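Good morning, and thank you for joining. I would ask you to look at the sequence and the structure together while I speak.

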Amino acid sequence: MTLTKKVEWVPEFFSENVDRIEKILPAGGCRELWLQGEIFLFLGGDGLVTNSTERKYDLYKKNSFVMEVKLLGGNYQRKVLNSLRQDFEKVSLHEGNEQKYVLLVLDNRFPESKLYDELFNYQNSLAKQVYYRDFGPFCVLLWRVI
């Protein structure tokens, strides 16, 4: 799996923030927004906007990428699978020249659940997985949407 230059920051960001991300995992209701903010700070702004454009992408950088971000785990409600599917559909409809991605941070605290297994092995016909890494408390999966 290879990352394009536009998202080559992903491994470094998560490697540098393992401890902080582990601490935010139990904080329901703010995890994804916090993660978006941390990515914004990590990338130094640099034209990146969060919850932007008329489609409200989680991350958007003109002429670079659009990205939906999910932080999910095996102890979540099953409806998150539908939400994840909707993110792939949403990003696939983007008409700009930006590369399109869905990023999943998967909480590793409940790996024995059926939902965890479904999230870990998630596939979508609109995308190809381009990155995976286990960071201990969580793993990161990144798909490029075609």
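Let me begin with a glutamine: Q99 touches T4, K6, S64, F65, V66 and R144, once residues up to four places away in sequence are set aside. Please bear in mind that the model before you is predicted.

Where does Q99 sit? Q99 belongs to strand 4, which covers residues 99-107. Is Q99 buried or exposed? Q99 is buried, because its relative accessible area of 14% is under the 20% cut-off. The side chain of Q99 has polar partners: there is a polar contact of 2.7 Å with the side chain of T4, and one of 2.7 Å with the side chain of Y101.

I turn now to a loop. N63 is located between strand 2 (57-61) and strand 3 (65-73). Its backbone deserves a remark: N63 is not a glycine, yet its phi is positive, at about 60°. N63 is partly exposed, since its relative accessibility of 45% falls between the 20% and 50% limits.

In soluble globular proteins, nonpolar side chains tend to be buried together. As for M67, its contacts beyond four places in sequence are V7, W9, Y57, D58, L59, Y101, L103 and L142.

Conventions:
Residues are numbered from 1 along each chain as its sequence is written. This is a predicted model: local features need pLDDT of at least 70, side-chain atom pairs count only at pLDDT 80 or more; totals for chains, interfaces and linings use all residues. Side-chain values use heavy atoms; hydrogens and water are left out. Helices (H or I, at least four residues) and strands (E, at least two) are DSSP runs, numbered from the N terminus. Buried means under 20% relative accessible area, exposed over 50%, partly exposed in between (1.4 Å probe, protein chains only). A polar contact is a pair of N or O atoms within 3.5 Å; within protein, one must be able to donate a hydrogen and the other to accept it, and residues adjacent in sequence count only if both atoms are side-chain atoms. Contact means heavy atoms within 4.5 Å.
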